Amino acid sequence: MDQPNNNPQPTETETRPEEGADGALFYSGFPISQQSRLENFMDYGSVLSNNLMEDAPIQMDSRNTDNTIVRDASCEKVVDSLLGKYFDTMEEAYDAYNHYAARRGFGIRKHFSARSRRNGEVIRKEYVCNKEGFKNVVPQTIDHKKRRRDARTGCQAKIEIGQKSGKWVVDKFSDEHNHPLTSPNKVLKHRSHCKYHKSIEGKKLIYDLHAAGLTPSQIMKAVNTLTGTLHEDITAKKCSEVLRTHKRNHVGKECLGIIKHFQEKSGRGDDFYFNVQIDNDGCLRNVFWADERSRTSYLKFGDVMVFDVTYRTNKFKMPFSPFVGVNHHRQSVLFGGALLDDETEETFVWLFEQFLKCMNFKPPQAIITDQDKAIRNAVKRVFPDARHRFCAWHIKKHVLEHIQPFRTRYKDFADTFYIWIKSKSPKEFEEGWKILNEKYKIGEKGWLPTMYKDRRYWVKCYLKNTFFAGMTTSGRSESIHSFFDGYVNATTPLNEFVVQYDKAVAARRKSEEDEDFSTLNSQPALITEHGIEKDAGRYYTRSIFQLFQREWHASLSLEHTKRQISDMLVSYFVGSDREQQTVEYDSEQQIVRCSCAKFETDGILCKHALYILKKKKIKNLPKNYLLYRWTIDARYHMAHKLVESEDAKASDHVVSAEEKWVARTMFHQIIRDADYSPSIFKEFIQTSKIFMVRLRGEREVTENALIVESSIQSQSTCEVSHVELEPTQVTILDPACDKVNKGRPKSASRIPSAIEKIKNYKCSECKRNGHNKTTCPEKKVLPKSFTAYGC
């Protein structure tokens, strides 16, 4: 008699760990980005396998070729042992019968229960074959729904148990099946035997993999890989069922989950900040949060910030609004995040005020947003001194639509418009508008007059003297959105969203650390031996040095024409035959200024300025042209480095909010490292007591001098304020799901502008529907220079 194969080999579609040439295990069928996440579960999988090996393998009955069952002697013993056997609980009886069913080749289910008329307790239970009975058939109508296949055959196999002497005894047993039994390699697919994904161990593994950002199909591959042949293979549908049940248990409690998660983070001693706004009905309206690393990054890179609200990734349709900047590697860095109930001016004012309070009342120097009127008004109210810039991407998307009527009437309008946009000075731009308005009769109403009134928000010549770190659009925020797509979707619960946010941010920070490592452990490849290039390679990060070297290389092929202004100030026309810029050089202060304003806007010297510095025999890169934010020293490290960078800006008579916040960060770090040297920590305690006595004495002197209370309150503080709510003492309701905001819909990467939306136009060129004259495929497109104007 041939023995069945109890260890079926994996099919071609299954994913199993494979061994590479170097002996390392890798996972076929997984994207490279997901393989790193699976490595975190390898130790867990090894422990899991050791535990599962303790279970005895299932011995199946053998079969003949005509599908008749060859009864194994061990099965007869199981039958004899079940009849009259006593069990302490109904669950034990169910497990015993289910184990027998797996050996025989069928599945079981619970069928009948008899309860006592006296107390309502179950006194009798019946377990049957899963093919018992027949399906209730409803007569089909014209509009019938698709029905499932009928799997029941009226099988009579069953066992019945009843109570006797406080225990459960098997008093009836039938093993007569009217259907073929399942083969050994498929018997575990019966519902009663698919128990691993329902077990505590299986659920925990599925939850952990889901928290790591894996989809149900990827979780299926990972679980089947880790468990091997010790358990039945689970499907993506089973994973989805487990996750759906888990989410259902948190319905109505998502906002409380957010509060609990934030309180746990703030209770660890880190400088975590969060604030929640609740409406009159007790529902969550808005929430803002930022961790210690984000607040530290803002101290260094908060001079320029991008704010965007076009991302909606939760079932409540609350737009996710990140505050994004750029770090010393020109990578996107998160300063904080928010979930908003609506997009009104008052909501943005609340959000910006919370952001300002979190960042110790240090506003950004420049902020980039879209053209939303509510955001613009909120920026004016909360950040009055910040330079506000409109996203150039949004403006470009609207240009073709709004200038189309003028292009239709005037053939030369596009060229004139392009030249006007490229004005090099505000005076030239305003004079060009007068010519444009008079020549083409634009008038005072419409999109173009409105954009002229808002010219200070988007025209390049008005923004030349403001540092934007090389950013002109909200593309940084859009790249953050695309990054979060791998972790969240439109059905993600709020409490799970904030957890996935932390994981996404951690991945971004790991990328920053990788760039730090690459810069610190490599030397720049110089194209010359000049001291300016050497200094740039020594201080700049790898990515910033590449941008600098591009300008340096371009400066080698330039020419100049000298124009004397005074003894100390010399002006040059520097460039090539195609374009030239005016460069002024002050020999007394070693200051160079270029009309292209690349250093003022990007923080890197342009090729024109570098050319003049070389001509003036400058041997090293002047320190005033070496921005600290672009150097490797701006990386995230210990708090005392922050003190060094901030002390130079502080006054001896006033303690700034940054200094207070940095001091607190240092104290937290000292407390965390106390166990490494108890003697040093005790010495620190004694020294701190001396300073506390001195500060207390100064405080008493100040209070006795009757300093006006308002002057004390006006000073910035570094106190962390957050919502102290106990979920057991307060009820916060989840927001309604029927809101319609301007946030990102499920099936779109961003909000489409008017020109992106499909309209039922009829083209005047080809007379076809679905497009207009501007987007006609048979019409020649505009020159490339028009679509690349500098705004």
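Tutor: Before we start, "buried" means under 20% relative accessible area, "exposed" means over 50%, and "partly exposed" is in between (1.4 Å probe, protein chains only). This is a predicted model, where local features need pLDDT of at least 70, side-chain atom pairs count only at pLDDT 80 or more, and totals for chains, interfaces and linings use all residues. Residues are numbered from 1 along each chain as its sequence is written, and side-chain values use heavy atoms, leaving out hydrogens and water.

Student: Okay, is phenylalanine 383 buried or exposed?

Tutor: Look at its relative accessible area, which is 2%. Buried means under 20%, so phenylalanine 383 is buried.

Student: How many aromatic pairs are there?

Tutor: Rings of Phe, Tyr and Trp (its six-membered ring) pair if their centres lie within 6.5 Å; planes under 30 degrees apart are stacked, over 60 edge-to-face, and the rest tilted. By that rule, the count of aromatic pairs is 43.

Student: What kind of pair do phenylalanine 323 and phenylalanine 355 form?

Tutor: Their centres are 4.3 Å apart, with 20° between the planes. Under 30 degrees is the cut-off, so the pair of phenylalanine 323 and phenylalanine 355 is stacked.

Student: And phenylalanine 352 with phenylalanine 383, what is that pair called?

Tutor: Here the ring centres lie 5.3 Å apart and the planes are at 40°. That angle makes the pair of phenylalanine 352 and phenylalanine 383 tilted.

Student: Which ring does the charged end of arginine 376 sit over?

Tutor: A charge sits over a ring if NZ of Lys or CZ of Arg is within 6 Å of the ring centre and within 35 degrees of the ring normal. For arginine 376 the distance to the centre is 5.6 Å, and the ring belongs to tyrosine 457.
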